[in-house]
Amino acid sequence: MAIAAPVTVGSRPFDPQNELSDNVRTCFFIDGTWQEPTGEERFELISPVTEELMLSVPAGAPEDIEKAVAAARRAFDQGPWPRLSPVERAAYLRRIADEIDRRAEAFQRVWIGQVGAPQWFVGALSGTAAGQFRYYADLAETYPFEEERTPHVGRLKVLREPVGVAALIIPWNAPLILLTQKMSAALAAGCTVVAKPSPETPLDAQILAECVDAAGLPPGTVNIVPAGREVGNILVSDTRIDKVSFTGSTAAGRHIATVCADRLARVALELGGKSASILCEDADIGAWLQSLAPFTMPFSGQICFSQTRVLVPRSRHDEFIDAYVAGVESLKLGDPWDAATQIGPVSMARQRDRVLDYIDIGRGEGARLVTGGGRPSGFNRGYFIAPTVFDQVDNSMRIAREEIFGPVVSVISYGSDEEAVAIANDSDFGLSGSVYSTDVGRAEAIARRIRTGHISVNGFNLDAVAPFGGYKKSGLGRESGPEGLAGFLEIKSMFLPA
Ligand code: NAD
């Protein structure tokens, strides 16, 4: 993942009223058409930079979800999508990718506008959404959807068939990429989908609906209804939904898993994290800072894979803390519309309050606050929080155990590699991680022992071919790679006479 990619978003203020089409602002894409909302409720989109209202948009109501589920069910049971060949579906996926590319600037602008993501971050990930569609288009063309095996009697065909109608539920932090990761795999598998974006960030999915519309998918294949959690709960409880693919908090994931368990619906969960970055005794601190320092708090720490527990050897503690704090304090905090900004605000008032609460908790637990610790001086409006580092954190403290989802990092000291592994694994979560050593073999040996779904040695990487997901309370199932496609498939053994 590159850190400083060129961006083309421009510095003019976000003006959703005039930048977005009427359909995006006022309708829902259901059954291949833009439909008027059935309810009266609205979501207010508040700028995290100015705290002012940017736009009010319709909130999905139970009747909208009912229409979307009915359309997706019809499209799966009677429509052409599941019966198209993988090559035919791949052609549609590539068309969607092209439409996403055409709207690249709009997607970057709504991401920055809605949640204050800094331009370097948005720029580095620009291209991911279209890339996911192209990746699954390529994979669909070569994937063994059908395989012959030799049983004791007769012939056997093993068929990998679409699981059915999939509900795709996503959070607010990376709303386009998290949705396209699910949608591209689901469509490649032959599923039809109902997507429910988060109420705080409906616009990315709405523009994606324009892409799907322009790509000409059969009606009902993709339906998108931004809605809150009560309406989301109706969606996951609906017996016409065969599979729920959820990304969000561990608390909501647990609830959704329970609902799905009750009716034995398939469920995949991408949940929270408390990932550890381990610096070995022989680590090159400069290289660590260069490659990872932004990723201990990328996008103000509001990313599931943030490396929020930094494990340093006692023997090099002082050297490390001095360099890290200098690096964090040099990060430019400011307006995300300024291309030089490295850290913007947190995304909403409730995030700000949550993070400030955790900073108080850390102080109360006796951790040593070495930088940050609240609203930075000179910022009179906006949900800004100074990048915050706690030192002398014990792994039993709440700030080391609970996901804060903000620009707060805990530094924990250790004595031996053995102890570092034990601390990294002493967590309810297991989503990401990293190990730094000048001896790659030593770092790899440690990485192998960490119970986590994603880990990098001397760097940080994500890739469409790499399965992503969590051990323990970080989730269930995997997205990306062939594993992401398999999550939207059922397996049928079909015996035939010899
Ligand atoms: P959240 O769980 O509050 O909400 C996520 C989505 O689920 C939203 O669309 C919400 O409306 C919906 N939802 C909540 N309860 C629901 C219910 N009972 N039924 C149906 N839908 C429901 O999470 P959030 O605050 O939006 O996002 C932050 C969380 O997401 C963090 O914990 C973060 O770690 C996690 N996350 C995980 C990954 C990953 O890949 N593992 C990626 C990004 C974010």
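## Charges over rings

In this predicted model, the charged end of Arg95 sits over the ring of Tyr92, 4.6 Å from its centre. Lys243 has its charged end over the ring of Phe488, 5.4 Å from the centre. Such a contact counts if NZ of Lys or CZ of Arg is within 6 Å of the ring centre and within 35 degrees of the ring normal.

Residues are numbered from 1 along each chain as its sequence is written. Because the model is predicted, local features need pLDDT of at least 70 and side-chain atom pairs 80 or more, while totals for chains, interfaces and linings use all residues, and side-chain values use heavy atoms, without hydrogens and water.

## Rings that meet

There are 15 aromatic pairs in the structure. Rings of Phe, Tyr and Trp (its six-membered ring) pair if their centres lie within 6.5 Å; planes under 30 degrees apart are stacked, over 60 edge-to-face and the rest tilted. Trp288 and Phe320 have ring centres 5.3 Å apart and planes at 70 degrees, so they are edge-to-face. Trp288 is in helix H12 (residues 285–296) and Phe320 in helix H13 (residues 317–330), so their pair ties together parts 32 residues apart in sequence. Helices are DSSP runs (H or I, at least four residues), as are strands (E, at least two), numbered from the N terminus.

Both Trp288 and Phe320 are buried, meaning under 20% relative accessible area (1.4 Å probe, protein chains only).

## A covered strand

Strand S15 (residues 388–391) has both faces covered, with Thr388 and Phe390 buried on one side and Val389 and Asp391 on the other.

Methods
Buried means under 20% relative accessible area, exposed over 50%, partly exposed in between (1.4 Å probe, protein chains only).
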